[in-house]
Amino acid sequence: MTSLKTKNICFLAAFLFLAIVPTLAEVVDTVQKCNQFFRQQTPPNIPGILEDGKILDQNRYKVLCQTYENSRWYVTVYDTRNKIPVFSAYKYQGPGQGQAEEYWKIEPQLENEADPNKNMMEEEKGKTYTHQAMVADYVNSRGLDKGHCFPALHGFTNTEKTSTYTLTNIVPQAGKFNQGRWNTMEKCIGHVMDDYISKNGMECFVVVGAEPSANDKLNNKINVPSVMWSAFYCNNQKWSIAGAHWDNNVPGSLKDRMIMKPVKDLEDKLMVDAFPKTNPEFVDKKVIKRWRSLCKAQ
């Protein structure tokens, strides 16, 4: 017969186990619940949307701890009115292996926060989603792609890469922009971060976002951003590097290139403070020369 003492010990062990297992809620009420994807656990400052770690309009802007196969991979602040991300933020871990399974997913808890399914999932056939974009919403003859914020090529594992294929991480992006200078930039900063991770043991964080247009909508539903922006920050105990890119969401030439600029310039231009509590004037100058040598062939 099992003793009362043994039962109490088993109950206590079970309680402690449940206490330490992380909750995998997808839609959460504060960015602090997904702060492992921000440098120093500090989210960007974006006036009118996210200030000092607080979402100003929680009915419109939702925090998504992007969860796939019961693991969190990155965080997105999602605009349910424009049906595009404000930004996605992630920790870059180095050159990954393998490929993503390229099938598009949605966030069930955006439709019903009480939904017990905490993982992104494929659309239910015949169901209409009102608080987010659907695959059919992206069908167009305007030459617009499904453009990633967190790009699959920056994922470290097959599963992380696959997790980027959710429509809550996607914006309508001009095809030649997405496939041309934006794609080149993504590869380029990947090379830069790989170089500093391997040689200096740095830790790297990336934030990628979109500035909505005034009234351009795809299929009268999804805002087509006027500008796309990206910023990264790597550091170890001795020193740091950082850089930012942004450009208009227009086609251009597939041969066009984007130029890395200081993250302070991103704040001056678009009012996006991607990495609060840093000294961007100090950290940015060190990387420009290395960027040019690593990216000139990209």
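C65 is buried, with a relative accessible area of 0%. Buried stands for under 20% relative accessible area, exposed for over 50%, and partly exposed for what falls in between, with a 1.4 Å probe and protein chains only. The model is a predicted one: local features need pLDDT of at least 70, side-chain atom pairs count only at pLDDT 80 or more, and totals for chains, interfaces and linings use all residues. Residues are numbered from 1 along each chain as its sequence is written, and side-chain values use heavy atoms, with hydrogens and water left out.

C65 has a bonded partner. A disulfide joins C65 to C34, with an S to S distance of 1.5 Å. The criterion for a disulfide is a pair of cysteine sulfur atoms within 2.5 Å. The torsion about this S-S bond is about -70 degrees, so the link between C34 and C65 is left-handed. C34 lies in the loop between β1 (27–28) and β2 (50–51), while C65 is in strand β4 (residues 61–68), so the pair ties together parts that are 31 residues apart in sequence. Strands are DSSP runs of E with at least two residues, helices are runs of H or I with at least four, and both are numbered from the N terminus. C34 is buried too, with a relative accessible area of 0%.

The structure holds two disulfides. C204 and C234 form a disulfide with their sulfur atoms 2.1 Å apart. The angle about the S-S bond is 115 degrees, and the link of C204 and C234 is right-handed. This pair links distant parts of the chain: C204 sits in strand β9 (residues 203–211) and C234 in strand β12 (residues 227–235), 30 residues apart. Both C204 and C234 are buried. Another cysteine, C149, is buried at a relative accessible area of 1%.

Now the rings. The structure holds seven aromatic pairs. Rings of Phe, Tyr and Trp (its six-membered ring) pair if their centres lie within 6.5 Å; planes under 30 degrees apart count as stacked, over 60 as edge-to-face and the rest as tilted. Among the pairs is Y90 with F150, which is stacked at 3.9 Å centre to centre and 15 degrees between the planes. Y90 lies in strand β6 (residues 84–92) and F150 in the loop between β7 (144–148) and α3 (158–163), so the pair ties together parts that are 60 residues apart in sequence. Y90 is buried at 0% relative accessible area. F150 also counts as buried, at 0% relative accessibility. The rings of W104 and Y165 have their centres 4.9 Å apart and their planes at 55 degrees, so this pair is tilted. W104 is in the loop between β6 and α2 (108–111), and Y165 is in the loop between α3 and β8 (170–174), 61 residues apart. W104 and Y165 are buried. Y74, Y90 and F150 form one aromatic cluster.

A lysine meets two rings. The charged end of K105 sits over the ring of Y103, 4.0 Å from its centre. K105 also lies over the face of Y68, at 5.4 Å from the ring centre. The test asks for NZ of Lys or CZ of Arg within 6 Å of the ring centre and within 35 degrees of the ring normal.

N223 is placed in strand β11 (residues 222–223). N223 is buried, with a relative accessible area of 2%. Its side chain reaches the backbone nitrogen of S213 at 3.0 Å. Contact means heavy atoms within 4.5 Å. Beyond neighbours within four places in sequence, N223 is in contact with N82, I84, P172, P212, S213, D216 and K217.

Key. Polar contact = N/O pair within 3.5 Å; in protein donor to acceptor, adjacent residues only side chain to side chain.
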